[in-house]
Amino acid sequence: MRGAYDAASLLVPADSDFYYESRPHIAIARPGSGAQAALPLADGWALHPALAESLLPFYRKRQLAFVPFAGTDDTSRSHFDTQNRIELGQGAAKGADGDYRSGFLNRLAVALGGQRASPAAFTSDVPQIFRGPDRVPNIDLGGAAGKSRLREQDSAAIAAMYRGTDLAASVSEGQRIMSAAQANLQAEMQAANGNAVSADRLEQEARRIARFMSGSYNLGFVDVGGWDTHVGQGAASGLLANRLGQLGRALAAYADGMGAAWNQTTVVVISEFGRTFRENGNKGTDHGHGTVYWVLGGQVRGGRIAGRQVAVRRDTLFQDRDYPVLNEYRAVFAGLFSRLYGLDRSRLAQVFPGVTPADLGLV
């Protein structure tokens with residue numbers, strides 16, 4: 001999920017009074033409080049209502065688990081830097097052991113060997129995560145959604161209204177500043193998304209991906225843009241709810257399209273980092289740190305919240321603003337790969353050098 005989605009809206013810490021104090025406009029209502037309330041899960045956590053029809057059934061069938069407080073030790077809060085480090089399978093520490101010229105899924109394919117790995121990327125170009133010695137095809141799903149901005153003739157009309165008045169200079173300067181700010185925000189959001197497919201387009205393409213994966217490939221990657229919600233994020237409805245609903249329906253369609261192969265399938269949904277725990281002045285959220293991973297599939301030991309956790313309070317936040325990272329992404333993936341593929345420590349070290357696997361019992 002490129003752009004860093006707001007994990008605290010997806011997996012709601014419904015038992016935390018601090019959550020509701022921190023989000024007066026964008027908090028998801030407590031379970032049982034109305035039609036748009038969060039859906040109760042386990043251990044005081046709840047699910048965004050936009051996923052009631054799509055993903056909640058998988059949780060109830062014990063085919064979906066969530067891993068909160070997950071992520072990387074990178075604290076740059078830079079989309080590009082953190083996405084790149086994750087795809088390389090690299091920590092933030094300088095001088096770490098290992099060759100990081102390849103992506104970690106490419107190294108996994110090499111460790112599995114040609115007879116066991118048949119990888120494919122469902123992206124416009126081969127992504128960093130699949131670059132390396134093993135040749136990986138990419139299957140282009142199409143471009144991202146276009147941008148929407150004030151038309152030039154609208155700006156010209158506004159300027160004409162004030163021409164020759166005492167406010168003309170102020171209006172002109174205001175338009176210049178607004179244009180620059182919009183351009184900077186648009187550039188950031190485009191950088192956050194990369195060339196990722198949009199969530200609504202993914203919903204349309206999910207069954208097509210399933211046909212490829214069930215018939216020809218067994219190791220895949222797709223990226224989804226549109227998660228950088230600085231402004232007007234919404235709560236139970238709105239921008240983020242729409243995105244989550246689209247992604248949930250896409251994953252449900254993928255599961256259905258896999259048919260019997262779903263019983264041997266594991267899907268992991270991640271984002272480069274989380275977002276600020278408190279809402280900002282624009283009723284959105286800014287770049288954060290820890291996030292929540294999703295793990296679903298026919299062989300997943302789900303119906304639970306997995307990994308290390310802490311109570312959600314002000315004193316447990318990272319730098320008094322974000323979720324902390326307690327479940328480091330390489331350790332989580334290494335533990336998962338160990339169970340899925342039976343990789344021993346030496347072969348896991350080819351994928352994530354110097355990392356101790358964390359077995360969360362996800363499969």
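Where is A4 found? A4 sits in the segment before α1 (7–10). Keep in mind as you look around that this is a predicted model. The protein has eleven helices and twelve strands, and buried residues account for 50% of its 363 residues.

**The big picture**

- Take the contacts between residues at least 6 apart in sequence: 71% of them join residues at least 24 apart.
- The protein exposes about 16400 Å², and carbon and sulfur atoms supply 48% of that area.

- You'll find F69 in strand β4, and its relative accessibility of 1% makes F69 buried.

**A three-stranded sheet**

- Strands of a sheet pair through backbone hydrogen bonds, and they can do so in a parallel or an antiparallel way.
- Here, an open sheet of three strands runs in the order β1-β3-β2, and its pairing is antiparallel.
- The edges are β1 (11–13) and β2 (39–40), each of which pairs on one side only.
- Between β1 and β3 (residues 45–47) there are three bridges, with the two strands antiparallel.
- To spot that pairing in the model, look for L11, whose bridge partner in β3 is L47.

- How many of the six residues of strand β10 (residues 291–296) are buried? Six of the six are, so β10 is largely enclosed by the rest of the structure.
- T291, Y293 and V295 point one way from β10, while V292, W294 and L296 point the other way, and all are buried.
- Strand β4 (residues 64–71) is joined to β10 by five bridges, and these two run antiparallel.
- Within that pairing, V67 has Y293 of β10 as its bridge partner.
- β10 also pairs with β9 in the antiparallel sense, over three bridges.
- V267 has L296 of β10 as its bridge partner.

**The largest pocket**

- Rolling a probe the size of a water molecule over the atoms shows where empty space is left.
- In this protein, the largest pocket holds about 1200 Å³ of space.
- Several elements give two or more residues to its lining: α4 (79–88), α5 (104–112), α8 (199–215), β7 (219–221), α9 (239–258), β9 (267–269) and α10 (329–341).
- The lining has 45 residues, and those nearest the centre of the pocket are G220, F221, T266, V267 and V268.
- Which kinds of residue make up the lining of the largest pocket? They divide into 32 nonpolar, eight polar and five charged.

**A buried residue in a loop**

- Q128 lies in the loop between β5 (119–121) and α6 (152–162).
- Is Q128 buried or exposed? Q128 counts as buried because its relative accessibility is 18%, and the cut-off for buried is under 20%.
- Leaving aside residues up to four places away in sequence, Q128 touches N84, E87, L88, R101, S102 and G103.

Key: Residues numbered from 1 in each chain as written. Predicted model: local features only at pLDDT ≥ 70, side-chain atom pairs only at ≥ 80, totals over all residues. Heavy atoms only, no water. Pairing = 2+ DSSP bridges. Helix = DSSP H or I, 4+ residues; strand = E, 2+ residues; numbered from the N terminus. Buried < 20%, exposed > 50% of the residue type's maximum accessible area, 1.4 Å probe, protein only. Contact = heavy atoms within 4.5 Å. Areas by Shrake-Rupley, 256 points an atom, 1.4 Å probe, with all protein chains shown as cover. 1 Å grid on protein atoms, 1.4 Å probe; cavity = no way out; pocket = protein on both sides within 12 Å on 5 of 7 lines; lining within 4 Å. Points joined across faces, edges and corners; volume = space filled by probe spheres on them. Nonpolar A, V, L, I, M, F, W, Y, C, P; charged D, E, K, R; others polar.
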